[in-house]
Amino acid sequence: MKKYHKHDQTTMAAWAADCAERVLPLFEAAYPEDDRPRNAIEACRTWVRTGVFTMAGIRGASLAAHAAARDAKENDAACFAARAAGQAVATAHVPQHAYGGAYYALKAVAAADPGNAVVNVAAEREWQAERLPGGLREEIMGRIIVQERGGGVVVRLRKGEGF
């Protein structure tokens, strides 16, 4: 697994939180009383801002967001949005979780409007890429693969060496 400098890790976490926050309305519109994904994003931002890290706090926020995703399994866009939040906060523990924040955000965008998924996912992926520093952009976006298929899109995360 690739090692990142602490500054890169906090940059990646802030970026993943931004990605997750952009799709959070897809979850909150369907589950307005469930604040677990929002709390995960807030926990991520608090860690980025303060550097204060407790494994129990980060893990709990991530697991709660993923539990919200499981509870939203009948709504793909909401489910993926909650997973994006869970992955973003987990970046505090393992930097590579930032990839998951962006990956699930793209999946949420695709699921929210399948008829326009190609255009919407391309625009969201461009937004994501523009917000990464050059030193991280190529590596991270090179692992988040978007392919047009059957009039829609498939989003994959390429793992492998260094991941």
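Reader: Is P114 buried or exposed?
Author: P114 is exposed, with a relative accessible area of 55%. The cut-off for exposed is over 50%. Keep in mind that this is a predicted model.

Reader: Where is P114 in the chain?
Author: P114 sits in the loop between α5 (97-112) and α6 (117-130).

Reader: And what separates the C-alpha atoms of P114 and E28?
Author: A distance of 19 Å separates those two C-alpha atoms, and along the chain P114 and E28 are 86 residues apart.

Reader: New topic. F27, buried or exposed?
Author: F27 is buried, and its relative accessible area is 0%. This residue belongs to helix α1.

Reader: What does F27 touch?
Author: Setting aside residues up to four places away in sequence, F27 touches D34, P37, A68, A72, A78, A81 and A82.

Reader: How do α1 and α4 pack?
Author: Helix α1 (residues 6-30) and α4 pack at an angle of about 145°, and their axes are 8 Å apart. Their crossing is left-handed.

Reader: Which residues make that contact?
Author: From α1 they are A16, A17, A20, V23, L26, F27 and A30. From α4 they are A77, A78, A81, A82, A84, A85 and A88. Sorted by class, the contact of α1 with α4 has 14 nonpolar residues, no polar ones and no charged ones.

Reader: How many residues of α4 are buried?
Author: 14 of the 15 residues of α4 are buried, so this helix is largely enclosed by the rest of the structure.

Reader: What about the length of α4?
Author: Helix α4 covers residues 76-90 and reaches 21 Å from its first C-alpha to its last, close to the 21 Å expected at 1.5 Å a residue.

Reader: And what span should α3 have?
Author: At 1.5 Å a residue, the 17 residues of α3 should span 24 Å. Its end C-alpha atoms are 24 Å apart, which agrees.

Reader: Which residues of α3 are buried?
Author: They are I58, A61, S62, A65, H66, A67, A68 and A69. These buried residues of α3 pack against α1, α2 and α4.

Reader: Take α2 from that list. How do α2 and α3 cross?
Author: The axes of α2 (residues 36-50) and α3 (residues 55-71) come within 8 Å and cross at roughly 155°. Angles over 145 degrees count as roughly antiparallel, and α2 and α3 are therefore roughly antiparallel to each other. The crossing, with α2 passing α3, is left-handed.

Reader: Who is in the contact there?
Author: On the α2 side there are R36, P37, A40, A43 and W47. On the α3 side there are I58, A61, A64, A65, A67, A68 and D71. By class, the contact of α2 with α3 has ten nonpolar, no polar and two charged residues.

Reader: Last one. Where is Q9, and is Q9 buried or exposed?
Author: Q9 is in helix α1. With 7% relative accessibility, Q9 counts as buried, because buried means under 20%.

Reader: What is Q9 in contact with?
Author: Apart from its neighbours within four places in sequence, Q9 is in contact with W47, T91, A92, H93, V94 and P95.

How values were computed: Residues are numbered from 1 along each chain as its sequence is written. This is a predicted model: local features need pLDDT of at least 70, side-chain atom pairs count only at pLDDT 80 or more; totals for chains, interfaces and linings use all residues. Side-chain values use heavy atoms; hydrogens and water are left out. Helices (H or I, at least four residues) and strands (E, at least two) are DSSP runs, numbered from the N terminus. The expected span of a helix is 1.5 Å times one less than its number of residues. Buried means under 20% relative accessible area, exposed over 50%, partly exposed in between (1.4 Å probe, protein chains only). Axes are lines fitted to C-alpha atoms, for helices over the stretch in contact, and angles run from 0 to 180 degrees between N-to-C directions. Angles under 35 degrees count as roughly parallel, over 145 as roughly antiparallel, 65 to 115 as roughly perpendicular and the rest as oblique. A crossing is left-handed if the near helix is turned anticlockwise from the far one by less than a right angle, and right-handed if clockwise. Contact means heavy atoms within 4.5 Å. Ala, Val, Leu, Ile, Met, Phe, Trp, Tyr, Cys and Pro count as nonpolar, Asp, Glu, Lys and Arg as charged, and the others, Gly among them, as polar.
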